[in-house]
Amino acid sequence: MTSIIPASAHGAPGGGAAVAPRVRGGAPWSAFLLRRLGGVAVLVAVLVLMTFLIVRLVPGDPARNLVGLTASTEQLQAVRSQLGLEDSLGQQLVNYVGNLVSGGLGDSFVTSQPVSRLLGERLPVTAELAGLALAIVIVVGFPAGMGMAAWQHKRRVRWGDSAFTTVTSLGGAMPEYVTGTVLIYLFALKFDLLPAQGGAAPSEIILPALSVAFAPMAIFARLVRNETSAVLGKEYITTAVSKRLPSWRLYLTHVLPNVVTSTLTLGGLLLVALLGGTVITENVFNVPGIGTAVVNAILQSDYPVIQGIILVLGLLAIAITFAVDIVLGLVDPRTVSAVRSQ
Amino acid sequence: MTTSKRRKPFALWLGAALLLALSVLAVVAPIIWGDSAAALSSEVRGGPSAEHLLGTDPLGRDVLDRTLVAARLTLAMAAVTTLIAVGGGIVLGATIVVAGRRVRGLGERLIDLMIAYPPIIVALSITAIFRPSVGSVVVAIGLAFVPQFARLTNTLASSVSSKDYVVVARLVGLRPTRLLFRHVIPNLAGPLLVLTSVGFASAIITLSGLSFIGLGVQEPSYDWGRLLAQALQDLGVNPIEAFGPGIAILITGLAAGLLGDGLNQFLDPRGPVRRRRRRRAATSGGADARTPHAALLAPAPDAVVSVRDLTIAASPESVGAPLVRGVSLDVRAGEILGIVGESGSGKSLTAMAIARLLAPGLHWSAETLSINGADVSDAREQTPVRLATDVGVVFQDPSSCFNPARHVGPQITEVARVHQGLSKRAANELAIERLREARVSSPEVRMRQYPHELSGGMRQRAMIAMALLTSPSLLIADEPTTALDVTVQADVLQLLHRISTTRNMAIVLISHDIKVVSTLCHRVCVMYAGRIVEELTVEDLREGRVCHPYTRALLDAAPRLEPSARQVPLIPLPGRPPQPDQPIVGCAFADRCPLVTDRCRQEDPALRALPRGGVAACHVSTGPLEDLLVTQ
Amino acid sequence: MSPSEAAPVLRHQADGFALSAVGVSAGYGGGRRSRDVLHDIDLSVPAGQTLGIVGESGSGKSTLARALVGQLRPSAGKILLGDVEISALRGRRLRENRRRIQLIPQDPYASLDPRMTIRRALYEAIDPQGRRPAQAAARISELLATVSLDPDVASRYPHEFSGGQRQRIAIARALAVQPEVIIADEVTSALDSSVQAEVLNLLRSIQARTAITMLFITHDLSVANYMCDEVAVLYLGRLVEKGSSRLLFSPDHPYTRRLVDSIPNPRAGLSGLSAPEITGGEGADPANPPAGCAFHPRCPNGPRLRDDRERCITERPELLPRWDDTGDGDHRSAACHFPLSEVRAGLGD
C-alpha cells in the first residue's frame with residue numbers, strides 16, 4: 001500500500017453518510033412538535049368520544065332514570081329531546097361535537113345553569129389546588145431526593161439510606177383522604193390553626209394542597225433519589241469529576257439535566273395522577289372545585305355536568321402530558337432527534 | 001460466586017404475614033363479630049372505653065367490631081379489582097406480544113393512548129354510567145388500571161422473549177407453547193407477582209377513596225372507606241372513630257406494598273446488596289513488609305508521574321486480598337507506558353488511582369503519588385486544579401463519556417474556563433485547535449453538536465481533544481480503543497503515538513490486548529491479580545523475550561495474523577484468576593502455572609531485576625521463556 | 001426461479017454445500033418502513049469446513065447470522081440447507097429443519113436461561129418434545145465431557161459458571177441437537193484472551209472430530225485466520241471479498257487491505273498500522289450506504305484521491321470470481337473495479 005493521503009483530504013466530506021450537523025430550532029424540532037401535537041389531537045378526539053358515550057352507554061333509558069318512574073310521557077319526551085336522544089347516534093355525535101366547538105357544554109339538569117358557568121366558577125379553585133400541590137411535590141421532593149443521593153454518594157451511611165427508604169415508603173402509602181383526615185384533626189380541630197373547610201383563600205388551600213401532595217411527594221423524592229444515584233454512577237460523571245469542577249457546577253450542569261430527563265420520563269404519570277388526588281381531596285375538605293361537583297353530579301345523574309367535568313379533567317391530563325413531553329425535548333436533545341429515526 | 005439460597009428480605013416476610021393475617025380476618029370477622037357490629041347501643045359517639053376500644057359511631061355501634069367486619073367486603077372488593085386490573089392487563093399485554101407485527105404495533109399504541117388518561121377519569125366515567133355501587137366501583141377501578149398493567153406486562157414479556165436463551169430454545173425446535181411455558185412464563189412469574197401486589201395496594205387505596213367520597217359502597221353496606229367518611233363527619237366530636245378504619249387502610253396498603261418491595265428484592269438476581277461499611281482510611285492496606293518493587297526503582301526526579309507502593313482495597317476489613325497490591329511505576333516525558341492484564345487484574349484501578357478518580361468507597365494508599373514532582377495524594381488546595389490541568393483522561397467507551405444532555409463544545413472547554421479563567425471565545429478557539437489536532441473533521445460544527453450526533457470514532461477523538469485541552473503533561477488512556485472497530489482503533493493508536501511524540505507527553509495506556517500494547521508502547525507492565533508481575537521493554541515483548549510464565553501465556557494465547565498461524569495451536573491458560581473475595585497465599589498465579597513449585601504455593605515471589613533489564617516476580621524463571629510452555 | 005438464481009441453487013446441490021445463501025437481502029421493520037441492512041448476499045459453505053464472516057460493526061454480520069438460522073426472514077433470496085430451501089419453510093416443517101442449524105450467541109451471560117439447570121437446558125436441546133428420557137443422561141455426560149466440563153456440574157445453574165465455562169455449555173447445547181451446521185456469532189469477543197484461546201481450540205477440535213460445518217462470525221481477523229478455511233468480508237451489508245482464508249495475506253479489495261493493516265502487529269510496531277487516517281465513511285448508515293461502491297468515500301485508491309476513478313461512484317462493482325497465482329486454483333472473488341493484486345480475472349466457471 002503506497003498511496004499517501006494528503007492532510008487536506010481529511011476535512012473533505014465523507015460519502016454523504018457522515019452525520020450531518022443539526023442545530024436546535026431546525027427541522028427536527030418542527031417534526032417533534034408536529035408528532036406530539038398529532039398525538040394530542042388523537043387523545044382529545046378519544047376523550048370527546050368517551051364523554052359522549054357516557055350518556056349513551058347508561059343501561060336502560062337515561063331519560064327515564066332521570067325523571068323517575070312516575071313522570072308523565074310528556075316530561076319524558078321533553079327530557080329525551082333535551083338529551084338529544086331522538087336523533088341517530090351519528091347525528092347525536094355530530095351535534096355534541098358541534099356544541100363543544102361553539103363552547104356549549106349544555107345545562108345542568110339539577111340547577112339548569114350552563115355547565116360552562118359552573119366550570120368557570122369551580123375550575124380555578126381546582127387548578128389552584130392542583131398547581132399548589134404540584135409545586136409542593138417538586139419543591140420538596142426534588143431537592144430531598146437529590147440531596148439524599150448526593151449525600152449517600154459522598155459517604156455511604158447505611159442507616160441513612162434505609163431510613164430514607166422507610167420514610168418514603170410509609171409516606172407514599174398514605175392515601176390523600178387519610179392524610180386529609182389527620183391534617184383536619186391536627187390543624188383545624190386540635191390546634192385550630194387553619195380552617196377545616198377548603199376554598200380558594202390562602203388559608204383554606206394549605207391543608208388540601210398538603211393532603212394532595214403528601215404521598216406523591218414521598219414517591220417523587222424516592223424516584224429522584226434513585227435516578228440521581230443512577231446518574232452519579234454514569235461514566236460521563238467520572239469524566240466531569242476528572243475536570244475537578246466545583247461541586248455546585250458538577251451537580252448543576254452535569255447531574256441535574258440528566259436527572260430531570262429520567263425523572264420526567266418516569267414521573268410524568270405521577271403528575272397526571274395528582275389530578276385524581278385532587279378530586280378525592282376536594283371531597284375531604286369540601287372544596288368548591290370540580291372534584292366535589294363531579295361527585296354530586298354522579299350521585300344526582302346530572303349528565304351534562306359529568307360530561308363537562310370529565311372532559312375538563314381529561315384535557316388537563318393531556319395538557320400535563322404534552323408539557324412534560326415538551327420539557328423533555330428541551331432538556332434532552334435525544335428525545336427530539338429520536339422522532340426522525342422512528 | 002453466588003450462593004443459590006438467598007436471604008429472604010424482611011419486607012417480604014412482614015408483608016406476607018400481614019396479608020395472611022388480614023385474609024384470615026376477612027373470613028372469620030363477620031362470623032365472630034357480625035352481630036356485635038350491628039348491635040345498637042345508647043352510648044352514641046362514645047370515646048374509647050374498655051367495652052368499646054375504639055369508641056362508638058353516631059348510632060352507638062362499636063367501631064372496632066365494624067372495622068373488623070368491614071375487612072371482608074373491603075378485601076374482597078380489592079381482590080376482585082386486582083384480578084380485573086392485573087388479569088386484564090396481563091392478557092392484553094401478553095396478547096399484544098404474541099400477536100403479529102402489525103397488531104402488536106397497533107396494540108402498543110392503543111395502550112400508550114389509554115395510559116395518558118388518569119385512572120380517575122375512567123373510574124368516574126364508569127361509575128357515572130352504572131350508578132355508584134359495589135359492583136360498578138370494582139369494575140371501574142379494575143378497568144381503569146388495565147392499561148398500566150398491560151403496558152408493564154408488554155414491556156416485560158417483550159424483553160424476555162427477545163432474550164438470547166429464548167431465541168436459542170426456538171432454534172432447538174421447541175414448539176411455541178412449550179417455549180411459552182418453559183422459558184417465557186417462568187421468567188415472567190416473579191415480576192408479575194410483584195406487579196400483582198403493587199396492584200392490590202393501589203386497588204385498596206383507590207377503592208376506599210371512592211367509597212370515602214360516596215361513589216363506592218352504599219348504605220347500609222360499609223367498607224373501610226365508608227367508615228372513614230362517617231368518622232370524618234364526627235371528627236370534631238369523636239376523633240377516635242377515624243382511627244380504626246384509617247389504620248386498617250394504611251396497614252393493608254402498606255402490607256401489599258411491602259410484599260411487592262420484598263418480592264422485588266428477593267427476585268433480583270444480584271441478591272440483596274450489602275453495602276460496604278466505610279471506615280477511616282487505613283494505611284496498611286494489606287501490602288506486606290516486602291515491597292521490593294518500590295525499592296528496585298531508583299528515585300526518578302524527571303518522571304512525569306511517579307507511583308510507589310500503591311495499594312487499593314475494597315474495604316480495610318475485607319477478607320480477600322487487596323484489589324491492587326504494591327504497584328510502583330514511573331513514566332517519563334515522551335514515554336508511553338502500557339499496563340496489560342486480564343479483567344480483574346487491577347490495571348484500570350491503578351490508572352484511576354493515578355488520576356485520583358477511584359470510586360468513593362474504595363480505599364487506597366501510596367507511599368508516593370506525584371505528578372511533575374508535586375505530591376497529589378492529599379487534598380491540598382492546588383491538587384484539584386493540578387489534576388484537572390496536568391492530567392488528561394480518556395475512557396473506554398466514548399458513547400457514555402460525554403454528557404448526553406449538553407453540546408460537545410462546552411464540555412470540551414469546561415476545564416479551561418473553570419480552572420484557567422479563559423474567556424468563552426478563547427476557550428472555543430483553543431478547543432477547535434485541539435479538535436483539529438485530534439483529526440476531527442469540521443471541528444466548528446462538532447462543537448455545536450450533541451454527543452449522540454457524532455460517530456463512535458469521532459467521539460473518541462473529541463474525548464482525546466478534551467483531554468489535551470490544557471496541554472497536560474500526562475495522558476491516561478483506559479482501554480481507549482476497546483469499544484472501537486479495528487480500523488478506527490488503528491487511527492486512534494496512531495493519534496496517540498503522534499501526540500506523545502509531538503507534545504513530548506507521558507502516556508499511560510491500559511489495555512487487555514497485548515497486541516495493542518506491544519504495538520504502541522515503549523515499556524510494558526504486566527499485571528496479574530492486583531500486582532505487577534513483569535515489567536519489560538517493548539522490544540523484549542515483541543521478540544518474545546519474556547520472563548514471567550503469565551506474560552508468556554498471554555503471548556501464546558493470542559492468535560496472530562500470519563499465514564502459519566493456523567498450524568500452530570494456541571495455548572490456552574487453564575483455570576481462572578483468584579476471585580476478589582479469596583485471600584491469596586503464595587504466588588497468585590501458582591494454580592495456573594506450568595512451572596509451579598512448592599515454594600510458589602507458600603511464598604509470594606518478590607519482583608527482582610533481570611539480567612536483560614526489566615523486572616519479574618517469579619521464583620522459577622529468570623531468563624527468557626521461549627518454548628517452555630509449548631512443551632508442557 | 002429466475003435464471004440468475006437457478007445456477008447457484010444447482011451448484012449448491014451438485015457440489016454438496018452444507019449451507020448456501022443465494023441473493024439474500026434482509027432487514028428490520030415491517031411494511032413500508034422496512035429497510036434492508038443486508039444486500040444480495042451470495043455465499044456457500046462446503047460441508048465440513050469453516051467459513052469466516054468478517055466485518056466491522058454495522059456490516060450486517062449479526063443480521064446475516066439471524067437470517068441464516070431463520071430468526072429473520074429474508075426480504076429477498078433463498079437460504080439452502082442441505083437438500084431443503086429453509087427460507088421457504090413454515091410451521092412444523094420449519095421447526096423440524098431448524099434443528100439442523102444451530103446458533104451459539106455472542107453473550108454467554110444471556111444465552112442460558114437463568115432458571116434452568118445445565119441438565120435441563122441440555123435435555124431440552126436433546127429432546128425438545130420430551131419423549132425419551134432413557135439415553136439422555138448418558139448423552140448429557142458425554143456432551144459435557146466433550147466440552148471439558150465435569151458431568152457433575154449438570155445440576156448447577158448458569159450463574160455458578162464463569163464466562164468461558166458458560167460459552168462451553170452453550171457449545172455443548174448446540175452440539176446436543178446434532179446439527180449439520182453451527183453458526184458461532186462472535187463467541188469469544190466477550191472473553192478474556194486466555195479464555196478465548198480455550199474456546200477457539202475447543203471449536204477446532206470438535207470440528208476436526210465431527211466434520212461439522214461451521215460459520216464463524218468475528219470482527220477479529222487474527223481469529224478468523226486461526227479458525228477458518230474460507231473467509232467472506234462484509235462491508236455495509238454487502239460482500240466485498242470472499243475466498244480461501246489465505247486471501248487475508250494478499251487481498252484484492254482495498255477494504256480487506258485496510259482491515260488487515262489495522263490489526264496491531266507487534267512485530268511491525270506502529271509502522272505496520274496502515275498510515276493514512278481517513279474518517280470520511282465512518283459512521284455511514286448501513287440502511288443508506290453510499291452509491292456505487294459503498295467503500296469509495298474511504299478508499300485510498302478511489303475517486304477521492306484519483307480523478308480517473310469516477311466509476312466507483314457511479315457503478316456498483318459486482319462480486320466477480322478471480323484466481324490467485326499461488327497455484328492452488330483457489331476460487332476467490334472481489335467486488336472492486338480496480339482490484340489490488342495483479343491476478344487473472346476469471347469469466348466464471
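This is a predicted model: local features need pLDDT of at least 70, side-chain atom pairs count only at pLDDT 80 or more; totals for chains, interfaces and linings use all residues.
Residues are numbered from 1 along each chain as its sequence is written, chains are lettered from A and ligands numbered from 1 in the order in which they are written, and side-chain values use heavy atoms, with hydrogens and water left out.

Q: Is B:Gly341 buried or exposed?
A: Buried means under 20% relative accessible area, exposed over 50%, and partly exposed in between (1.4 Å probe, protein chains only). B:Gly341 has a relative accessible area of 1%, so this residue is buried.

Q: Which residues does B:Gly341 touch, leaving out those up to four places away in sequence?
A: Contact means heavy atoms within 4.5 Å. With that exclusion, B:Gly341 touches B:Lys347, B:Ser511, B:His512, B:Met527 and B:Tyr550.

Q: At what angle do helix α8 and helix α9 of chain B pack?
A: Axes are lines fitted to C-alpha atoms, for helices over the stretch in contact, and angles run from 0 to 180 degrees between N-to-C directions. Helix α8 (residues 224-233) and helix α9 (residues 243-267) of chain B pack at about 145 degrees, with their axes 8 Å apart. On the α8(B) side the contact is made by B:Trp224, B:Gly225, B:Leu227 and B:Leu228, and on the α9(B) side by B:Pro245, B:Gly246, B:Ala248, B:Ile249 and B:Thr252.

How values were computed: Helices (H or I, at least four residues) and strands (E, at least two) are DSSP runs, numbered from the N terminus.
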